[in-house]
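Notebook open, model loaded. I went through the fold piece by piece and jotted down what I looked up.

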Amino acid sequence: MSTSPAWDPAREIVVDPASPEPLYFQIARQLHAAIDDGRLPAGSRLANELDLAASLRLSRPTIRQAIQSLVNQGLLVRKRGVGTQVVRTKVSRPLRLSSLYDDLAGLGGAPETAVLCNRLEDADAESAALLETPSLTRIRRLKRIRSTDGEPLAVMNNYLPGGLLDPSDADLREKGLYQLLRAAGVRLHSAQQSIGARLATPEDAELLDEEPGAPLLTMQRTTYDETGRVVEYGWHVYRASRYTFNLSLTNN
């Protein structure tokens, strides 16, 4: 029985210097697609940055930025002595989309929100890539601390495409982000979410009333509307001492 040859990024990736898409984004997009459709299955190793840069005739920083963007999304991992590997394939399925505010209110709590950042700003390459819209010029950036029973629970960061939502600080204190999006006519459909853990930085510790180095849970989520457009990218940290993620698994 014959098998198809392994997908080789150095041979298969095509970049167009004249495209408005940044070169690193073109590379990351094609790697992402190969991971999604199984051409680069979990466990596959990529050639090192120098070899990829040489074969694609691009600079090493461009290759590094492309790979790092996928590391940030949880699709690749760098391992000392091993190199860069695919760690999982993207799973896209309908989710019950709810904000932390909704969850806390549903449990009978009294959510409290401190708004640290709520502003429109110029989109850079990273934020445009996270929102999967390379031509994006403006984004809304949010940063909030969510508390319950007088104790901080999570620090929440979000990017939204500019013009999608224009909430006041009062709106953000009184309602959850998804409630505001739905009220603005955005029809949320699905999300890609990854959950992890890390140690608290000094900034985390100050905001969450923890000690530096305390364990934190992390979550990254990309949310799509019914047309497939990204309407929100969030990256949050939660106090592990106060919060857990519960997942239901079924055997289909």
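I started with burial: 44% of the 252 residues of the protein chain count as buried. Buried here means under 20% relative accessible area, exposed is over 50%, and partly exposed lies in between (1.4 Å probe, protein chains only).

Ground rules next. This is a predicted model, where local features need pLDDT of at least 70 and side-chain atom pairs count only at pLDDT 80 or more, while totals for chains, interfaces and linings use all residues. Residues are numbered from 1 along each chain as its sequence is written, and side-chain values use heavy atoms, with hydrogens and water left out.

I then looked up the inventory: the protein chain has 9 helices and 10 strands. Both are DSSP runs numbered from the N terminus, helices being H or I with at least four residues and strands E with at least two. Of the contacts with a separation of 6 or more, 58% are between residues 24 or more positions apart; a contact means heavy atoms within 4.5 Å.

**Helix 2**

I checked helix 2 (residues 23-36) for length. Its 14 residues reach 20 Å from first C-alpha to last, close to the 20 Å expected at 1.5 Å a residue (the expected span is 1.5 Å times one less than the number of residues). Helix 2 is largely enclosed by the rest of the structure, because 10 of its 14 residues are buried. Among them I noted Y24, F25, I27, L31 and I35, along with Q26, Q30 and H32. After helix 2 comes G38, with a positive phi near 90°.

I found an open sheet of 3 strands in the order 1-3-2, with antiparallel pairing. Strand 1 (45-46) and strand 2 (76-79) are at the edges with a single partner strand each, so one side of each has no neighbour in the sheet. Two strands pair if DSSP finds at least two bridges between them. Strand 1 and strand 3 (residues 83-86) run antiparallel and are joined by 2 bridges. I traced L46 to its bridge partner, T84 in strand 3.

Helix 4 (residues 60-72) lies across strand 1, strand 2 and strand 3, at about 110° to strand 2. Axes are lines fitted to C-alpha atoms, for helices over the stretch in contact, and angles run from 0 to 180 degrees between N-to-C directions.
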